[in-house]
Structure formats: C-alpha cells, structure tokens
Amino acid sequence: MHYDMLFIHPSAHTSSPQFIIMPMGIFSMVNELKDYSVKVVNVGLEMCLNKNFDATQFLNQYEFDCVGIDLHWHEHAFTALETARLCKEINPDCTVIVGGFTASHFASEILQFSPQVDVIIRGEGEEALPQIVENKDWSLIPNLVYRDNHEMRTTPLRPVSLDTLNFTLMTSMNHWEEYLKCSINAYTKTRFWYDFWLCTGRGCVYNCSYCGGASTAQKRLCGREGMTFRSVEAVTKDLTALRDLGVHVVCPSHDMSLAGEKYWGKLFASMKKEGIFMGMYLEVWQLPDKSFIEELARTCDPRFTTVAVTLLSGSETVRRKNGKYFSNEDYYKCAELLEEYNIHHVPYFATGLPFETVDTFEETLKMTETILSDFNPSSIFCTPLRLDPGSPMAENPEEYGITPHYRTFADYYERCRKRSENVQHDFIGYHTQFLDGRMIMELQHRWEKIMGKNLMAFNPPPLHFM
Ligand code: SF4
C-alpha cells in the first residue's frame, strides 16, 4: 500500500507502550492533506493491540514518500529519532519531517545530531506541512528549519489561523476507535467510555515555572502571542462530531473559564441548543468562579465531568512563585462548590518545585490531609516535576534557583535512551537550591505515605474515569 504521507506517533519506550496519547495537532495536520493519501500510526496503541508488534515488520508493509514524526514531549526524544532511522532504512528516499515543541526548541541541534531528519517544522504545522508534501521550495514555506548544503536554514515563523481546521476527523488513523479507549500509558479494551483531547485554543498568558508551553515559549517557538480560543461555532461543530462518534468525555486543551463569561456562556448555550450532553475533563489553569461552575454543571453530564485543579503546593508563596495565583481559602471554596454541584474534582500537587523547601512541603502534606478529611476528590495526585525544555525554569535557572542537569537535545536523548534500555537514569533532570534529587524523592515518598494511611478512608466513586 502506498501513502504520500505516513504520520507516526512513537511510543516513549521501544518495547512497551508509553505516552500513547498524541498531540492534538496531528489530526488537524492530517486533515489539511485532503488531496493526499495519508496514514496515521500510533506505535504505543499498536503495541497494546499486538503483544508481538514489530515496528520494522509493520512499516515494511507500506510504501511512503513522506514521514511525519511528532517530537512534542521530550519523552519521545530517543524513539522519535529511532523511528526516523527506521523509516530511512526502509525507504532512503523518503522525506522525514519532525515537529512538536521539543523538536522546535532543539531544531538546529536535532538536524546536526540526526542525518535521518530532513526538516523540522518549528511551531505550528498546518500551513507548512501540505506545502512540504506538495514538494514546494522549502525556502518559501513558513516555520521550517532544514539543512541546505550543510548550512542551517530557518524560514519565518508564523502561527496559523485555527477556525478552519478539523481536529476531530480521525479515520486515517489505524484503529482509531481503539484510540478513544486510551489513557497516557494504557489502553483498556473493555473500557466503556470514550474520551478525546480536543484543541479548543492555542497559546497561554501565564508562565508557570515548569511548563514548556508557557507564554514565553509559545512566542519563541510558535510566534504566538497570548492565548487564542477557537470560535464557539468551530468548537460546537467538533463537539457535535465527537458526540456522534459516541465520545463520552471531551478533554479541552484550554481552560475556557479564562476566555470570559461571554465566550463560555455562548459555548454552553450552543451545546444545549445542539443537544450536546457530554462529560468534560477540564484542567483549570487558575480557579474557576461560581458562575462558571454552575453553568458547567448545568451543561455537562455530571457522571463524566471532572475539574482538575493544579495546586502545586500547600504553600501559597511557593504556588504563586510557580505561576498559580490563588489562596488555599479560595481553593477550598472552589472544591466546596464543585462538590455542591456534583462535579468530580481532582487536586494536583508536585514535588521538586522551585522555591519549595522541606518546611514549605509540610504545608503540602497538611493540605493533602485537609482535602482528604474535609472533601471528596475523585482522585488526588502528587508527582515529581521533570525539567521541560523551554520552560521558564529551564530557560532562566538562576531566577528559579535551580541547576539543570539536562540542557541539550543530546541530554534528553540519552535520558530517553537509557529508559528505553531499562538503564538507571536521572528522572527529574535538575535540582533546586533547597532540594537535591534524593530529597525530592523523599518528599514524594512522604506524600505517598500519607495517601497510604488514608487509603481506607479515601474512597473514589466507582464511575471515576481517568
Ligand atoms: S501550565 Fe501554566 S504556563 Fe503552561 S499552559 Fe498551563 S497555565 Fe499556561
């Protein structure tokens, strides 16, 4: 079978499914290639469906002219390039295109590092990709970095317009129905609900310390200033398509409460008008207010609706210095309201935050116990951060009081290679002025111990679906 373009989403591990969920822009790019034959392959999902999956054998069944490999999350640094190597082995004449935030951040270095990569799409790809497939002169295509007689060439950067893009048509993906039953690292054959991550906007106005998609990074990597929400009409059209596919839970890329009441009021009204009664898994970027929570509860299926709140730390000072601007009291009021309106909620803490100390972490432990004793969250998380390339703390380590252990693409590649080969590796990738890697993991274990103690009392509802 011949394809003009093969999209490959690598697993983050060469022999087990890790990071199965794909960047949301893959479908919008695929759908910009209407005049071409295109196939999307999700390696992690294929591994889940076939325990004997062999990538070489699998790719050998196809003929292809171009290959698109996503390297959005740094977790794919090794396997994305392994996939590029494999594709060139199978077809030395194919054009290998790599894109995503990590690829954009390290574009020149990746091209120097890997002769198998022909071109990097820097930033947003929907405008550039069809022109590459069409074989247009690369110097005339925006958002590219490529080699030209051993010289590195970079074309002008510009973000795309979002409203005409189609983020939901996924039929060119192998086993797309099964993809709807995936979480980050797992596929559950018998899972009775489908969920889907939908792009509802791009960009950000915040600069959370740990985030590679923060405002400054978006400007540098994509040329995108601030935050843009897709129109209510475009989002409603996508929600209608997802409802018709039987999707139970939509996971919006953007916190629509930040778009203002005029926007979300219109969106919720439009959902009601079109009879869209779905669940929503919404990660809020700060705290939603009462009117938003009320309207969310009136519009979405409460059985499948969850609000995830990133608290980061029990210390208000540490939280604020890392980009979340609300008090503990405001959070408790918000949790109370969510419960009053029967909306599931999930608080999220982190270990290894810049400015966190052993003492301030006591406040995280205390807050965790308060949440467990006074509220009914569907789940509660605390995880160690990992150094995200392009994040404010990676770009300005002195300002955040951290020492990065990973700086170059080769550092991230090595980390992922070791993980893939099951060799011990530095998981976190930095230490702070107050906490080294061992202390960060110790704090993590202390948090987990509290959870263990409370496990009997902590009883998540049976329909919890994350
Ligand atoms: S984590 Fe912070 S900086 Fe990153 S997208 Fe969310 S709100 Fe923006």
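Q: How far apart do the C-alpha centres of domain 1 and domain 3 lie?
A: In this predicted model, the two centres lie 36 Å apart. Domain 1 covers 2-154, and domain 3 is made of 307-386 + 427-466. Domain 2 takes 192-304. These bounds come from an automatic or database domain assignment.

Q: How many of the 466 residues count as buried, as a percentage?
A: The share is 48%. To count, a residue needs 20 or more other C-beta atoms within 10 Å of its own.

Q: What share of the contacts with a separation of 6 or more comes from residues 24 or more positions apart?
A: Such residues account for 75% of those contacts.

Q: Which residues touch the most other members of the largest nonpolar core?
A: They are Phe-7, Val-67, Val-98, Ile-110, Ile-120 and Val-250, out of 137 residues in that core. Helix H4 (residues 77-90) gives the most to this core, with six residues.

Q: What is Ile-110 in contact with, leaving aside neighbours within four places in sequence?
A: Its partners are Val-98, Ala-103, Val-117, Ile-120 and Phe-409. A contact here means C-beta atoms within 7 Å.

Q: How do you know that the reach of helix H10 is close to the expected one?
A: H10 runs over residues 232-245, which is 14 residues. At 1.5 Å a residue, 20 Å is expected. From first C-alpha to last, H10 reaches 20 Å.

Q: Why are the buried residues of H10 said to be on the same side?
A: Val-232, Val-235, Asp-238, Leu-239 and Leu-242 are buried in H10. They cover an arc of only 130° around the axis, so they sit on the same side of H10.

Q: Which residues are exposed on the other side of H10?
A: Glu-233 and Asp-244 are exposed there.

Q: What do the buried residues of H10 pack against?
A: They pack against strand E8 (195-198), strand E11 (249-252) and helix H11 (261-273).

Q: Which residue just after H10 takes a positive phi?
A: Gly-246 does, with a phi of about 90°.

Key:
Residues are numbered from 1 along each chain as its sequence is written. This is a predicted model: local features need pLDDT of at least 70, side-chain atom pairs count only at pLDDT 80 or more; totals for chains, interfaces and linings use all residues. Helices (H or I, at least four residues) and strands (E, at least two) are DSSP runs, numbered from the N terminus. The expected span of a helix is 1.5 Å times one less than its number of residues. A residue is buried if 20 or more other C-beta atoms lie within 10 Å of its own, exposed if 12 or fewer, and partly exposed in between; C-beta atoms are placed from the backbone. The arc is that of the directions from the helix axis to the C-beta atoms. Two residues are in contact if their C-beta atoms, placed from the backbone, lie within 7 Å. A nonpolar core is a set of buried Ala, Val, Leu, Ile, Met, Phe, Trp, Tyr and Cys residues joined through C-beta atoms within 7 Å.
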